[in-house]
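Open the model in your viewer and keep the selection tool ready. This tour goes from stop to stop.

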Amino acid sequence: MNFAFSEEQEQLREFVRSFLADKSAESAVREQMDTEQGYDEAVWNQMAEQMGLQALAIPEEFGGQGFGFIEQVVVLEEMGRALLCAPYFSSCVLAANALLASGDDAAKAAHLPGIAAGETRAALAFTEESGRWDEGGITMQASASGDGHTLSGTKSFVLDGHTANLILVAARTDAGVSLFSVDADAAGLTRTALSTMDQTRKQAKLDFADVPATLIGTDGGGWATMETVLDLAAVALAAEQVGGAQMCLDMSVEYAKVRVQFGRPIGSFQAIKHKCADMLLEVESAKSAAYYAGWCASEMNDELPQVASLAKSYCSEAYFHAAAENIQIHGGIGFTWEHPAHLYFKRAKSSELLFGDPTYHREQLAQRIGL
């Protein structure tokens, strides 16, 4: 079995890397970090119209390009490398996969074409103030109201929730956890941007007060959908983390070559060599985990739940270690706001906690393999 990327997939990587080098340079990232919206509308439109990135992994019948999860892994790795500020993960990974996994053809036809075209920016709201990522953390109530439902409660840590124009919400009915769609301008919905450590990925708090909502999929079948979505999200985030970790390694090696101390490059010192060697080992191992998880996701095979947790836990720690060592190798300049090392450090930490930290996923892995 050959797990190498195809020539077309490598061309996609080069294409996306070239685009992001131009549109998501450090200056552009810093500019968008300071805005409440958190992304450049013009770049988002270019991604959709010229690159077709939003449509990449959406089936052709719903306006997408019909590629698989492997291609999305390639794109996400490059986005993680460039710290792209855009609602791609929230809309094209979380929300799109929630719709696809729901089995609701009407909802897919209603929302996926807009996501594929970049016109719909969707967000998935399931985490609440408890910060739990499991089924027990969903306490928001959905009440039957005429032909539909109304939602009341609060959702927190919603990726790009303050700028999305479509919100998918996990809430409880008498039948159990269910999934609903809500228009962003619906009456009773209040959206508040949160102050976050990682400013490159915006989050929001959403307050619902009898907000009208439309059921997606089957009543009580929402958690089965969410389990699949969270596994796919863990794999997608692992791919992002690999891209960021590789960038930290590249920055460290380059600096070790050019920074001279005591008349020789610091890369010639054993301590720096060991740091770079350890980072290389962890980054390459993280790639193996993320790529294999990506293959499992593309096949939707029985290994996905176990491999998703394995990849998320390992890639989280590898990225955070690489980001921390990158600062150490850069020394004094690495601790300053002017240097990009702290941007990767913050993204690494926030990604480590997103969808559950490594301890959570190791416990989940143990349960899934019957330990």
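**Stops on the tour**

Begin in the loop between helix H8 (270-299) and helix H9 (304-330), where you will find Met 300. Bear in mind that this is a predicted model.

Select Met 300. Its phi is near 50 degrees, a positive value in a residue other than glycine.

Next, select Phe 262. Look in the loop between strand S8 (260-261) and strand S9 (264-265). Phe 262 is not a glycine, yet its phi is positive, about 55 degrees. Show the surface here. Phe 262 has a relative accessible area of 75%. Phe 262 is therefore exposed, as the cut-off for exposed is over 50%.

Now select residues 88-102. This is helix H5, with 15 residues. Draw a distance between the C-alpha atoms at the two ends of H5: they are 20 Å apart.

H5 bends at Ala 96 by about 25 degrees. Then colour H5 by accessibility. How many of the 15 residues of H5 are buried? The count is 13, and H5 is mostly covered.

For the last stop, step past the end of H5. Gly 103 follows the helix. The phi of Gly 103 is positive, near 75 degrees.

Notes:
Residues numbered from 1 in each chain as written. Predicted model: local features only at pLDDT ≥ 70, side-chain atom pairs only at ≥ 80, totals over all residues. Heavy atoms only, no water. Helix = DSSP H or I, 4+ residues; strand = E, 2+ residues; numbered from the N terminus. Buried < 20%, exposed > 50% of the residue type's maximum accessible area, 1.4 Å probe, protein only. Expected span 1.5 Å × (residues − 1). Bend = angle between axes of the 7 residues up to and from the residue.
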